[in-house]
Amino acid sequence: MPIGFIFDLDGVITDTAEYHYRGWKRLADEEGIPFTREDNEQLRGVSRRESLRRLLKGRQIDEAVAEEWMARKNNYYREFLESITPQELLPGVRDFLDAATEAGIKLGIASASRNAKPVIERLQVGPYFDVIGDGYSVVNTKPAADLFVWVAGGLGINTADCVVFEDAEAGVAAALRAGMRVVGIGPEERVGEAHLICGGLHTLAVDQVLALQ
Ligand code: B16
Ligand code: MG
C-alpha cells in the first residue's frame with residue numbers, strides 16, 4: 001500500500017523560528033509592545049495573522065494597521081531568508097529524505113508559511129517533494145486538518161496512510177484531526193500528543209516510522 005510522509009517546514013526541515021522571532025521582535029520594539037523569546041514559542045506553527053493576534057495579547061488595532069504590521073514583519077523576515085543556504089537544513093534531514101525516497105515513499109510539505117516555497121528553494125530540497133502545501137493552499141491553517149488533507153490529496157495517498165512530522169502543538173493537533181500518524185519533534189510538553197516523539201530527523205530511521213502504521 002502506498003505511504004506518504006508529510007513534513008512541516010519550520011522546526012522540522014530547517015529552523016526559521018529564529019528569523020520569525022527577529023522579525024516580530026523588531027516590529028514589537030518599533031511599536032512599543034513587550035515581546036520575548038518565550039512569547040515567540042506561542043507563535044510556533046500558527047499563521048501570520050494568528051501570530052500577530054498572540055503578539056498583541058488583547059491589544060486592539062484597526063485592520064489597516066494590522067495589515068501594515070504583518071507586511072512590515074514579513075519584509076524583515078524576507079531579508080533574513082536571503083541568507084539561507086543548504087547548511088541550514090536541520091541535522092539528518094537529507095539522509096532521512098534520501099532513505100524515504102529510496103523506500104518508495106511519497107513526500108510532501110505542509111507548512112503554514114506563505115514563504116515556504118522560497119525557503120525550500122534556498123535549502124535546495126525542492127526535488128524531494130511531490131507536493132508543497134503552504135500558507136496559500138487552504139483558508140484554514142493549523143490546527144485545522146485542511147492543509148494536511150490537501151497535501152495527502154495532492155500525493156494521491158489516503159489520509160490514514162500518511163505520517164506527519166511536526167514540531168508545533170498546533171501542527172500535531174491538525175495532523176491528528178486529519179486522521180494521520182504523527183511524529184512529534186521536540187519536548188513532550190509541546191508535542192506530547194504525537195504517536196512517537198523524538199529530538200529530530202537525525203534520531204529516526206524510516207523503518208521505525210513505518211512501524212507506526
Ligand atoms: P509566514 P511551519 C510557520 O511555519 C511558522 O512556524 C510560524 O511561526 C509562522 O507564523 C507561520 O509559518 C507563517 O509564516 O509569516 O511566513 O507566512 O512551522 O508551518 O512550517
Ligand atoms: Mg513548524
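**Salt bridges, domains and backbone**

Glu63 and Arg49 form a salt bridge, with their closest N and O atoms 2.9 Å apart. A salt bridge here is a side-chain nitrogen of Lys or Arg within 4 Å of a carboxyl oxygen of Asp or Glu. Glu63 sits in helix H4 and Arg49 in helix H3, so the pair ties together parts that are 14 residues apart in sequence. Helices (H or I, at least four residues) and strands (E, at least two) are DSSP runs, numbered from the N terminus.

The model is predicted: local features need pLDDT of at least 70, side-chain atom pairs count only at pLDDT 80 or more, and totals for chains, interfaces and linings use all residues. Residues are numbered from 1 along each chain as its sequence is written, chains are lettered from A and ligands numbered from 1 in the order in which they are written, and side-chain values use heavy atoms, with hydrogens and water left out.

A second salt bridge joins Lys57 to Asp39, with the closest N and O atoms 3.3 Å apart. This pair links distant parts of the chain, 18 residues apart. Lys57 lies in the loop between helix H3 (48-56) and helix H4 (63-81), while Asp39 belongs to helix H2 (residues 37-41). By the same rule, the count comes to 18 salt bridges.

Now step back to the whole chain. Its secondary structure comes to 10 helices and 6 strands. The radius of gyration is 17 Å, close to the 17 Å that the globule rule gives for 213 residues, so the chain is as compact as a globular protein of that length. That radius is taken over C-alpha atoms, and the globule rule is 2.2 Å times the number of residues to the power 0.38. Along the principal axes, the C-alpha atoms fill a box of roughly 55 × 35 × 30 Å.

How is the chain divided into domains? The assignment gives domain 1 (4-14 + 86-210) and domain 2 (17-81). Such bounds come from an automatic or database domain assignment. The domain centres, taken over C-alpha atoms, are 24 Å apart. Domain 1 brings 14 residues to the contact and domain 2 brings 13, where contact means heavy atoms within 4.5 Å.

Together the domains bury about 1100 Å², 45% of it on carbon and sulfur atoms. Buried area is the accessible area (1.4 Å probe) that two parts lose on being put together, summed over both. Asp10, Asn115 and Arg190 supply 38% of the area that domain 1 buries against domain 2, more than any other three residues.

Which charged and polar links cross between the domains? There are 2 salt bridges between domain 1 and domain 2. The rule also finds 6 residue pairs in polar contact across the interface, both residues at pLDDT 80 or more. A polar contact is a pair of N or O atoms within 3.5 Å; within protein, one must be able to donate a hydrogen and the other to accept it, and residues adjacent in sequence count only if both atoms are side-chain atoms. On the side of domain 1 that touches domain 2, helix H6 (residues 116-123) gives the largest share, 3 residues.

Finally, the backbone. The peptide bond from Lys142 to Pro143 is cis, with omega near 15 degrees. Pro143 lies in the loop between strand S3 (131-133) and helix H7 (146-155). Lys57 has a positive phi, near 45 degrees.
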